[in-house]
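I opened the model to look up a few spots and kept short notes as I went. The entries follow the order of my look-ups.

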Amino acid sequence: MTMQLLGVDLGGTQIRAALADENGAMRTRVATLTLADEGPEAVIGRICAQIELAMEGHKVTAIGLGAPGPTDPYEGVVLVGPNLPGWHNIPLRQVLAQRFGVPVFIGNDANLAGLAEYRYGAGRKSNHMIYITVSTGIGGGIISGKRLLVGRQGLAAEIGHITIDYTGEQEGRHEVGTLEGLASGPNFARRVRKELAAGADSILREWVNGDIDAVTPQLVQQAAAQGDPFALDQFALNGRYLGVGITNLLHVFNPQRIVIGGSVWLHAQEYMVDTMWETIRKRSQSPGYWNELEIVSAELGDDVGLLGAIALAEDEMERMRG
């Protein structure tokens with residue numbers, strides 16, 4: 001019998017929900033603003049409203065939900081919600097299960113994005129896969145032996161917090177020297193602005209009329225597309241940082257495929273891919289780590305969060321059935 005699964009993608013800006021079957025085919029899709037400043041109770045009310053809209057009167061088998069930040073998937077508790085004020089140790093699974101009377105499963109949104117790409121996207125047919133998203137932050141999901149790796153407390157696969165350079169670390173700023181602190185969109189832009197302020201020559205200076213604070217990753221990408229040497233060098237450096245982070249992951253997990261998504265990668269990968277691979281080959285202990293490695297771009301776009309929640313619900317129901 002085909003399962004009817006309800007997926008919810010809880011974000012700082014939007015709450016999205018969709019009704020789908022176990023193949024990820026969505027029947028309905030709804031969304032509303034999160035309005036996170038109104039606090040957890042109001043946001044949970046909106047989550048419930050979106051679930052009801054997406055159900056369209058159908059009985060669902062299970063609900064899966066992806067939440068930002070550290071999440072306890074075993075207890076279904078959102079431990080901390082970045083961009084969700086007041087979200088500390090929120091027992092979301094319990095609340096939703098009592099409301100809807102079906103099994104509810106909660107996971108970290110980046111972990112679930114990895115699960116989605118493995119099940120429905122660029123990670124299909126790869127039993128050992130790592131997903132990395134390079135965007136406002138850097139996160140990921142790890143598939144090992146066909147299973148999503150979440151760790152003892154559900155806190156595994158925080159790929160962005162791998163330390164790759166501690167030489168410039170500043171007290172009280174834990175992100176300094178991490179992969180996210182060096183290669184995510186905002187930190188990439190911060191580094192570019194710092195170099196421009198120090199006198200670096202670039203067409204960017206003319207484009208922003210000297211207002212260096214106006215430089216964004218998108219603007220640097222446009223400059224790189226026009227062959228600006230400074231912009232190209234900055235993306236090449238970002239590629240090296242990604243290469244260092246990926247090499248660490250290769251040594252620990254030995255995946256067969258890495259799937260990379262997120263706006264920074266998807267919009268500017270052509271300027272980072274060469275130095276990324278160069279770094280992987282140079283820093284890997286042996287060619288065995290990379291000579292059959294596939295590094296591909298994510299396929300699922302904006303649907304990745306919803307599909308990850310749906311895949312979580314399917315997997316957990318299958319486990320419950322034995």
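Predicted model: local features only at pLDDT ≥ 70, side-chain atom pairs only at ≥ 80, totals over all residues.

Entry 1: I then traced the strand order. I found an open sheet of 5 strands, running S11-S10-S9-S12-S13, with mixed pairing. Strand S11 (147-148) and strand S13 (294-297) are the edges, and each of them pairs on one side only. Next I looked for what packs on this sheet. Helix H8 (residues 229-253) does, touching strand S9 (128-134), strand S10 (138-144) and S12. I read an angle of about 155 degrees between the direction of H8 and that of S9.

**Entry 2: strand S12.** Which strands flank S12, and in what sense do they pair? On one side I have S9, parallel to S12 over 5 bridges. S13 also pairs with S12 (residues 257-261) in the parallel sense, over 4 bridges. I picked out some facing residues. Met129 stands opposite Arg257 in S12. Val259 has Val296 of S13 as its bridge partner. Ile260 stands opposite Ser297 in S13.

I checked cover next. S12 is mostly covered, with 5 of its 5 residues buried. Side chains in a regular strand alternate between the two faces of the sheet. In S12, I see Arg257, Val259 and Gly261 pointing one way, while Ile258 and Ile260 point the other way.

**Entry 3: Glu117.** I moved to helix H3 (residues 109-120), where Glu117 is found. Does Glu117 sit buried or exposed, and which side chain of opposite charge is nearest? Glu117 is buried yet has no salt bridge. The nearest side chain of opposite charge is Arg124, 6.6 Å away. The cut-off for a salt bridge is 4 Å. I listed contacts of Glu117, leaving out residues up to four places away in sequence. Among them are Met129, Tyr131, Val259, Ala298, Glu299 and Leu300. Val259 is one I had already logged in S12.

**Entry 4: Ser284.** I found Ser284 in the loop between helix H10 (273-283) and S13. Why does Ser284 count as buried? Its relative accessibility is 10%, and buried means under 20%. Setting aside residues up to four places away in sequence, Ser284 touches Thr247, Leu250, His251, Tyr289 and Trp290. I also logged a polar atom of the Ser284 side chain at 2.6 Å from the backbone oxygen of Ile280. The C-alpha atoms of Ser284 and Ile90 are separated by 41 Å, and the two residues are 194 residues apart along the chain.

Note on methods
Residues numbered from 1 in each chain as written. Heavy atoms only, no water. Helix = DSSP H or I, 4+ residues; strand = E, 2+ residues; numbered from the N terminus. Buried < 20%, exposed > 50% of the residue type's maximum accessible area, 1.4 Å probe, protein only. Lys, Arg positive; Asp, Glu negative; His and termini not counted. Contact = heavy atoms within 4.5 Å. Pairing = 2+ DSSP bridges. Axes fitted to C-alpha atoms, helices over the stretch in contact; angles between N-to-C directions. Polar contact = N/O pair within 3.5 Å; in protein donor to acceptor, adjacent residues only side chain to side chain.
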